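Work through the exercises below with the sequence and structure in view. Try each task before reading its solution.

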Amino acid sequence: MNFRSLLTISLLFLSGIPLRTIGQEKNITVTVKDEKTNELIRGATLTDATHSQSYISDQSGRIYLPASSSMSRIVVSMLGYQTEQLVLKEGKSEWTISLLSQENDLSEVVVTGYTKQSRAHTTGAVSSLPAEGIARMPVASFDQSLQGQIPGLYVASPSGQPGAPGRITLRGIGSIQDENSAPLYILDGVPISAGSFSTLNPQSFENITVLKDAASTAQYGSRGANGVIVITSKKGNSWENGTPRISYTGQFGYASVNNSKWDMMNTKERLLFEERLQDPNFPGWAHSRNNPNKLVNGALMPKTEKDFLEGDEILANLRGIDNDWRKLLLRNGTTNAHDVSYSLGKENTQIFSSLSYFNQQGVLYNSGLERINLTNNIAHQSGRLSLALNVNLATTNSKISESDFDVSETNPVASLYFALPYENPYDKDGNLTPGPNRFGTNALSMYQDVDRRERQYKSVVTGNFAYTLTEHLKLTSTSGVDFQQINGKHIIKPDTYFGSLVEQGGQGSYTSNTNNYFSIVSNIGFNYSRRWDNHFIEAIGLGEINKQKISSQGFTGYGLVPGLSQTPGGITPGTAENNLIPQLSGGISENALVSQIGLLRYSNGNRFTVTGSLRRDGSSRVPESNRYKYFYAGGASWNLGEEEFVKALPIISMWRLRASYGLTGNASGFASDFGYRRLYAVSHYAGQNAFVPVSAGNPNYNWEMNRVTDIGTEIGFLNNRITAEVDFYNRVTSNLFVDRTLSMTSGFESVPDNMGKIRNRGIEFGLSGDLIRKDDFFIRLGINGSYNRNRILSLGDEDEIVTEDYSIHRVGQPLGHFYMVRWAGVDPQTGAPQYLDADGEITSTFDPDNAVLVKGSFDPPLKGGFTARVGYKGLQVSALFTYIKGMYRLNTGELYRTSADANYRIYNQSRDMLDFWQQPGDQSGNPSPQYERFMTDRELQSADYIKLRNLQINYSIPMSNKLSKYCREISVFGQGQNLWTWTKWKGQDPEDDNNWYQYEYPLPRTYTLGLHVKF
Amino acid sequence: MNLSKILGFVTPILILFASSSCNKILDMHPQDKLQDEEIYSSVRNYEQGVLGVYAELQTEYNILIGSIFADEARLASDNMGVNGYANNLHRWNYASDDDILLMAWKNAYASIYKINLLLSNSERVVRSGTAEEEKLNNLVAELKALRSFIHFGLHQIYGDFNKNTGNYTVPYVTTVDIHQKPPKLPTTEFYAQAEKDIIEALASGTGQSDIGRFSDDAIHAYASRFYLYQKKYKEAIIHASPLVTKYKLAEGEHYTALWQDVRNTEVILAFRRNNNNEIRPNTLWRNYGSGKTLFYPSYKILNHLEQEKGERYALFEDIEEEAPIGKYPGNTYADNLNDVKAFRISELYLILAEAYLFENRVAESSEMLAALRRARGIDRTATAVRIDDILVERFTELCFEGHRYFDLKRLERTLDRDTEDLALTTDRKQLLPTDPNYKLPIPFKETQINPDLKW
């Protein structure tokens, strides 16, 4: 061939015109579309009724029929759609046929990250949740709204701070370092960092799919052990007449704390308590008429009449102050959210854009979150190439309250309980008077003088490409970037009480730090699929690289100039004389993962499907000897609904069985990127640099490995009016990182070693059905739950490991079982607290050696939710209840408010303390104040609950002729979040992600009203 | 496009990903921490490793326990609640899982680990020339002296001085083995090992003159304290005597200047502290972050000081109603930063006084006491010296430096508090050597893992 022909052919090839159509005239093109969504359907079968030849539609929904064919009647069919017929007339070469989708769950398309197939062909345990149901919930971090919706998925919300992420575990906790048991999150094919959901706008999500077993997660290899949550963004589509869809959703509301279990003393009760204590350091006794002595320089001296009169006056003044600190320290926080979206779907191009604004004030002053989010998803198909580019940009501005998760006097939630009711925060001029032990006043002063802010920039950009080489083979590639920058500032104003407490200089401080997180993923490979007769086979091969880079830098400066505290320019530079030397910090780290992936699926019609996956991962976080590992899984599913004997039972409309087994790894189990090496950090001594060892190093560092077996079934009754799903699973995690406790004489308290084995075994179920299904009235109920039994099978050489917080990991018991000294009441003769020793005998000495296993663990075995939806004409009410059972938590707050001992009596107490033991013969639950109070199982409370988590009332305003000129749909809705909680837990909210109560920011009740308009 | 062309296109892509060039991406190195090998790459780096031991050594726990467990401190009324500091320890109703006991144990053995790690790798250090060789030997000597000193600090807190109850103490760790679980050690063997380190250190000498590090003089000072506790008075005298001629006592207002870190007159060894140290001698008595005072001097010691007047009393005398602890007033630049004075010549005077007394050299003993009193501006007629006099002198001179409880413990005395010094009127006034709480237990967390340590 000469050059010119070569060039022509190349150009034609590149322009996408199939070679075989050159020189032919006027093919007949049939385009197959989905009637409702206007999407092009690939893989539809066109059968020529007369000649019984069949053709398959390609990526762009097109079937090319030779012009010379004498077809007149064609039948077009597709799984999940009603079959259509068409009569081809002469003279027309372009035809479009729209298929109506069937009400059949098995046709639902399941996206599992690397693959996409219908539910009928899915062999893994996969739960899908359309994002619409949760998109509008007024929580800043949308992972908190997933609770109770998916069997096996447990979201623990540790804090009500707007933007605080939940802790998600799937199928129990599979790691002893339970903070490293988070699933992998994928957004449009790209992994995103956990804990940054406060920057994402759930209204731009289409669907959330949760992958639970090995057959579905092994494709993620070393990161799939804890399950995978795949989020798919919305794609553009227009109305039927081609006009773009524009919609607006707005919400306004407020939030307040649930204080129903509040029982703290008021002023009268507190003064009476102090009088009974007979402690001369407190006004209730010092100034009491019943107290004949006063304390002078440590010695008791008798009072004079003048002293008595003074005392009366002081007490009268105190009685006039009765602060309810809930009113002073808490507020109703407002919520305000707006979302505008534009969706356009043309033949070759689909665009979805949305802009949203979210602002939520926290229930503690000076806390809240504000977020702006821009999403832009573009998809384009042209000939052989199809690509999709999704861009997600967000910026959030949050104000964070001090000392969250900290039992300390600077935590405003703790101050709520500690502050005395007669503490008057203001002096006669109306100024705040903070000082030591003035907990309430200090919290108020902190609200105005201490600022902790974070500004976050986040962008997730993903690109998906596919190039069709032949009818069966196409090249695919996905690349994406997740970039996040967090700028934090902590400013303590000078010339204030807290400013004066700053150790360097006593003139406030300015701390600024920046954390950058950058993650990039890129894969390229092929997708081969072939259909013949009843058989279908799909093979995918990919090579992938994942790289993450984290860097941080920061400084703290002192000696702020009053009035200039908002900028580093107000910092006084440090010199040798002024002790205002700033502190600097920084760090940098990176890791990489290189993988090869192979996936295979074979289906026989709709009856059988068999899948297999194999993945090889190499990670920089593991020493060379263990660096490369193979992860694999196999699964099979059998659609019994296709069998004759089931078709004969009319009551069963769908029945599927599936099973899978595989090996996945937990890459998030690594504490750091280089933890296996022995490393030194820099410190200082006498003005010189010094090196200190920070990690002992472990050359046998290895991944945590997970072997999961899953057997499940999905059944539908009465034409799928009632559907049920049950899964049995057995998940064994081995090579667990156990913080092996060492004798401290070795220099370390513990060293992480891969030697543990945990089993999570359980059953998940979901049942939903239409109780009533009439034309304009329906009631739909659903219940889901999972029961998980967690057992430690091995801890290497040890039998048990005691952890810091009164719990133990013991072989044969669940993880984190509480291990404490048992409380045995109060001795009525002496008022001494009594404990049970290890043998069960009563003793008055507190000895930590007497700790035994008590009550239970902190991970609830039973959890789930139930939903109810009722609709009548345009009105819809839906309620979501969530429940857990079997969780215990240590209520440290309870200890501090039922302690009259010298340590804690400065804090306000619960009303129950009015009858502590005073004299021999008293029967009381509270010991005499002269004895120390230690933490025992008395403070271990059950944190089980049933919550009405969300209630939505939605009314679609009927469209009159006038209204329909302006818009297509209007609806108004009201929502309540976290409305009622039934629980025995004595506190503001029983939910948490760990086993201690640490005066966490309470989860509030939120009420909102909203408007949704579609144009 | 036929199949072979497709495969020819696709296969190289996949092979690319499996190739070694891609795998080189996985060979990453930490960029914000140093690796093991770099520490031993030069003598200078090795020395910075030695400084690393000093940087994180917190002898403040010895000061705290030695002071508050006896009768020289009084609990401030603010020192309560969730941020209470050592208050259970002070009131004698602590449990074996007490925080302070745990932290003291942990910090000491973490420092010992650093020393053992450096010592076991000393041969790897790259050096050239005799000067560097000698420097390395000096550093090794310094590490051995430190090791002995830190172990001794542990022995002071947790060891048993009472002959009747068995005479065991803490393990002496010289190896790097993270899985070790050493049992309790007989006191005589402990002393033998600690002594070995002292002798080896002195044999090569540390060549150090910086007051912030162990010089040869500091080792001698430590040795004299070491032998005094064992009642080996001759050895104590041998180590202490030369230092008394070399270092002068601080006279007059130089004493106050000493505590303000302005002068180093008496100081033989002072551990440096800077802004980055979380714990300093000042933070033991006052929590600067919350503005709360934690401990005041007891009325008992204030009465003693008031009686004698002089420079010691000048430190504590104040206009405020309740005198703060005046030994750590801060330095010129910061009111909450001071170095830890580990060894002062005054202590050696007192050691000599005690040693001479028990060696029946009474005249030299009272001479030592008299010299000390003169320097402190205290007017007292010399009487026949008895051990109780020396104890009182140690009480007023070495207060709040971590000696009182250990002195009373080694001489098997009762801990006696005045009524006004009690935190609560219902608290105990006395702790006898036979009381179970008199001796501090090994931290609960340790004995759980290592039950052989309990005795």
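**Exercise 1.** Find how S32(A) and strand S1 of chain B pair.

*Solution.* Start with the elements: S32(A) spans residues 679-685, and S1(B) spans residues 34-35. Strands here are DSSP runs of E with at least two residues, and helices are runs of H or I with at least four, numbered from the N terminus. Two strands pair if DSSP finds at least two bridges between them. S32(A) and S1(B) have two bridges and pair in the antiparallel sense. Now place one residue pair: A:Tyr680 stands opposite B:Leu34.

This is a predicted model, in which local features need pLDDT of at least 70 and side-chain atom pairs count only at pLDDT 80 or more, while totals for chains, interfaces and linings use all residues. Residues are numbered from 1 along each chain as its sequence is written, and chains are lettered from A and ligands numbered from 1 in the order in which they are written.

**Exercise 2.** Describe the side of chain A that touches chain B.

*Solution.* Count first. 75 residues of chain A are in contact with 81 residues of chain B (contact: C-beta atoms, placed from the backbone, within 7 Å). Next, find the elements. Those giving two or more residues include strand S26 (509-532), strand S27 (535-558) and strand S28 (583-604) of chain A. S28(A) gives the largest share, eight residues. Finally, sort by class: 37 residues are nonpolar, 28 polar and 10 charged. Asp, Glu, Lys and Arg count as charged; Ala, Val, Leu, Ile, Met, Phe, Trp, Tyr, Cys and Pro as nonpolar; the others, Gly among them, as polar.

**Exercise 3.** Work out the strand order of the five-stranded open sheet in chain A.

*Solution.* The order is S10-S15-S16-S13-S14, with mixed pairing. At the edges are S10 (126-130) and S14 (190-192) of chain A, each pairing on one side only. Look at one pair inside the sheet. S13(A), residues 184-187, runs antiparallel to S14(A), and three bridges join them. There, A:Ile186 stands opposite A:Pro191.

**Exercise 4.** Explain why one side of S41(A) and of S43(A) has no neighbour in the sheet.

*Solution.* Begin with the order: S41-S42-S43 of chain A form an open, antiparallel sheet. S41 (822-826) and S43 (842-843) of chain A stand at the edges with a single partner strand each, so one side of each is left without a neighbour. Then check a pairing. S42(A), residues 833-836, is joined to S43(A) by two bridges. A:Leu836 stands opposite A:Ile842.

Conventions: Two residues are in contact if their C-beta atoms, placed from the backbone, lie within 7 Å.
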